[in-house]
Amino acid sequence: MANPMRIRAAAKDGITEVRVLMNHEMETGQRRDASGAVVPAWFIQEVSARLNDKDVMSAQWGPSIAKNPYFAFKIKGGKAGDTVSVTWVDNRGDTRTDNAKVT
Amino acid sequence: MAARTKVAVAAAACVAIALGFAGVAQEKDDAAKGIEAYRQALKDGNPAELFEMAGEELWLKPAGPRNASLEKCDLGLGPGVVEGAYARLPRYFADTDRVQDLESRLLTCMETLQGIDTRAHVEARFGTPKKDELVALATYVAGMSKDRPVDVAASHPKERAMFELGRRMFFYQAGPHDFSCATCHAQEGRRIRMQDLPYIPAKEGAAAGWTSWPAYRVSAGQMWSMQWRINDCFRQQRFPEPVYASDMTVALSMFMAATANGSTMATPGIKR
């Protein structure tokens, strides 16, 4: 599995705010290395999140997302003790899933 | 022209010039405010945390011919004590009989605990795997001193000597441009593009520099340790490249840390 993400989730007034820091090179495929060869595209294409057993968020990303992306989003509902799970899949088929407890 | 009109014109001119100056000052404030707002936006979700995690893994992982982890490494507060250690570095170590900064001490621990020949690590270029390991370790250790007060008093005679050496180096002009660290860092209120240049010979400026590295540089997507920062400063001045964790680099760190004594660690930082 790829490098771990860092997930923080906090519930307040019926809204759970999730903040994720993902570890990924996010190569656009436009850069060239020192020898002039194109550095192949390597970036996250899908991101999804679950709150306990329910799918709550899905996203499709492209090469414009930054390296080591920071992603924050809000979920309706959720309370302390719930589990938030975030998954990403990149264009090489690599994937990573991490969980965090809502505080 | 009538005297009164002359006075009125002169007064108007004065006001216009004053407004003109105020306009320039206003521009500077707006730029500074914009930079500050950008920095605040960056603070949440510092990718440095990914390197802290990687560093912690390396700290715990057995490696080298002795297949040992770094868990017994003495960073100055006793074997294995990581919390608060960075805030008290550089310092004198009796076992090596010299003043060491964090990265030099990490090399010592890799040699003595893990049996690793660290020459390859010293010679590796920044941004390549062997250096990445040291940067990750440094980020982890530095992060464990976050919000602690800098406690570097340079009381031991060798610490004092390093401080003086660092100060001399700081003001030493060399290289084809006749630069010294002081060229950029001993003038009040200056910046290079988006970087405010801290006035390092005084506590506040030294703290601005010393307490915010290791830091993640967003524009480069790289995690930089203080050794990397110093290495790049030498490059920017067109000085010869310093040997990684050599005495000169430790001396400069000592100068900065001791001048920043009492300020609060904000590591790991995040930069443009």
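Me: How many residues of chain B are in contact with chain A?
Reply: Seven residues of chain B are in contact with eight residues of chain A, where contact requires C-beta atoms, placed from the backbone, within 7 Å. This is a predicted model, in which local features need pLDDT of at least 70 and side-chain atom pairs count only at pLDDT 80 or more, while totals for chains, interfaces and linings use all residues. Residues are numbered from 1 along each chain as its sequence is written, and chains are lettered from A and ligands numbered from 1 in the order in which they are written.

Me: Changing topic, how many helices and strands does chain A have?
Reply: Chain A has zero helices and seven strands; these are DSSP runs numbered from the N terminus, with helices being H or I of at least four residues and strands E of at least two.

Me: What is the strand order in the open sheet?
Reply: The four strands of this sheet in chain A follow the order β4-β3-β6-β7, with antiparallel pairing. Strands pair if DSSP finds at least two bridges between them.

Me: Which strands stand at the edges?
Reply: They are β4 (54-60) and β7 (95-101) of chain A; each has a single partner strand, so one side of each lacks a neighbour in the sheet.

Me: How many bridges join β6 and β7(A)?
Reply: Strand β6 (residues 83-90) of chain A pairs with β7(A) over seven bridges, in the antiparallel sense. A:W88 has A:R96 in β7(A) as its bridge partner.

Me: And what does the C-alpha trace of chain A span?
Reply: Along its principal axes, the trace spans about 55 × 20 × 20 Å.

Key. Contact = placed C-beta atoms within 7 Å.
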